Amino acid sequence: MSFCFNFDLPAQTTTNPDSVDGNELQNRKKDNAAKPIEDNTKPAEPLKEAKEHLPQNDPQFLLMDAVTETVTIGTLPPLHFLNETVFEKTASERKDEENILSRTSEQRSDLISGVYEGGLKVWECTYDLLELIEKDGETFGGKTVLDLGCGAGLLGILALKRGAKKVHFQDYNSTVVEQLTVPNVILNCQEDDKVDSEDEEASGKGKIQEKFGSKIKAKEEEDVEEGNPAPKKRAIDLSEQLLLAKCRFFSGDWSTFLALVKKEDPQPKYDIIFTSETIYNTAYYPTLHETLHKLLSPGGLVYLATKSHYFGVGGGLHLFETFVEQRGIFSLDHLWDGEEGLQRHVVVLRFKMPKDT
């Protein structure tokens, strides 16, 4: 089963898109831009009410029979996450009160506006932002971080592993938060020596190295079709996961999420807000901008990773830049611009100083 976010891709039932080589990946990105899917820019259903999710008392249950992947970029700590292919194949076994797993399978789509907003996949721009963080050497020591539209949560997890004081994760769908984000955070909260020992045990048993430009992904080689899953990461007791105590998890539309956290005293403010591949729909710009405006701390930074244009949906960086400029609240600077294939970018937003207005 394959999904299509903004693009109408041919079905690929046996190939994980994360397992292709660099040239094939670039060719696929070019092909992705060719065929838009039909989609409306406005949500198809009412806004989703926000709520906070507390990790289960037994985190081992969330990682039971989990098959994982590990991405390593330069000097960054390894980031572990649930294998996407296995997650898709076991969707019917997972709790899903929103029914997004079955609906995305039936419609073969990674985007159903107002229903499912693409959080089950790790998109390319997330890796671009991880690379930039590695290059700049950001450590997040003592900072409060929000991973907005978190999906798998890799950006927030990195901040957590590099010294953040608090990390909050938000995604539109509760199923994404409960079945993907929380398990991934728990997976990375395991003690490093336990993870390392398992990696050593797994070495020589099919572990392969795949290079995507400057990205190196360490992935356990497994053949799901033949029933030979990779070695499983083991979970530890909640009491041992000290990092998890720094985390909070939310689902819901950005407007209801903002309303929920504004009720707190004191209201959370974030030194750093990460958001990746979230400006694909122009109808969401006012709510996104308001959320960033109200939750960013003075002197804080918003890191946005995005494509130049999202075919079939209509959004993209140029339109968002224009929107931000018209509002006059933030300045926006480009940190990285990719020139190959479907152009991708990483930009930073910060509050304008009085002299900038």
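In which crossing, left-handed or right-handed, does helix 9 pass helix 10? Helix 9 passes helix 10 in a left-handed crossing, meaning that the near helix is turned anticlockwise from the far one by less than a right angle. This is a predicted model, where local features need pLDDT of at least 70, side-chain atom pairs count only at pLDDT 80 or more, and totals for chains, interfaces and linings use all residues. Residues are numbered from 1 along each chain as its sequence is written, and side-chain values use heavy atoms, with hydrogens and water left out.

**Overall picture**
- The protein has eleven helices and twelve strands, taken as DSSP runs (helices: H or I, at least four residues; strands: E, at least two) numbered from the N terminus.
- Of the 357 residues, 52% are buried (under 20% relative accessible area, 1.4 Å probe, protein chains only).

**The helix pair**
- Helix 9 (residues 254-262) and helix 10 (residues 285-295) pack at about 20°, with axes 9 Å apart; axes are lines fitted to C-alpha atoms over the stretch in contact, and angles run from 0 to 180 degrees between N-to-C directions.
- Residues in contact (heavy atoms within 4.5 Å) include Trp-254 and Phe-257 of helix 9 and Leu-288 and Lys-294 of helix 10.

**Backbone to check out**
- Most residues other than glycine have a negative phi, and most peptide bonds are trans.
- The Asp-265 to Pro-266 peptide bond is cis, and Pro-266 sits in the loop between helix 9 and strand 9.
- Phe-140 has a positive phi of about 70° and is buried at 1% relative accessibility.
- Glu-277 also has a positive phi, about 55°, and is buried at 4%.

Key: Buried < 20%, exposed > 50% of the residue type's maximum accessible area, 1.4 Å probe, protein only.
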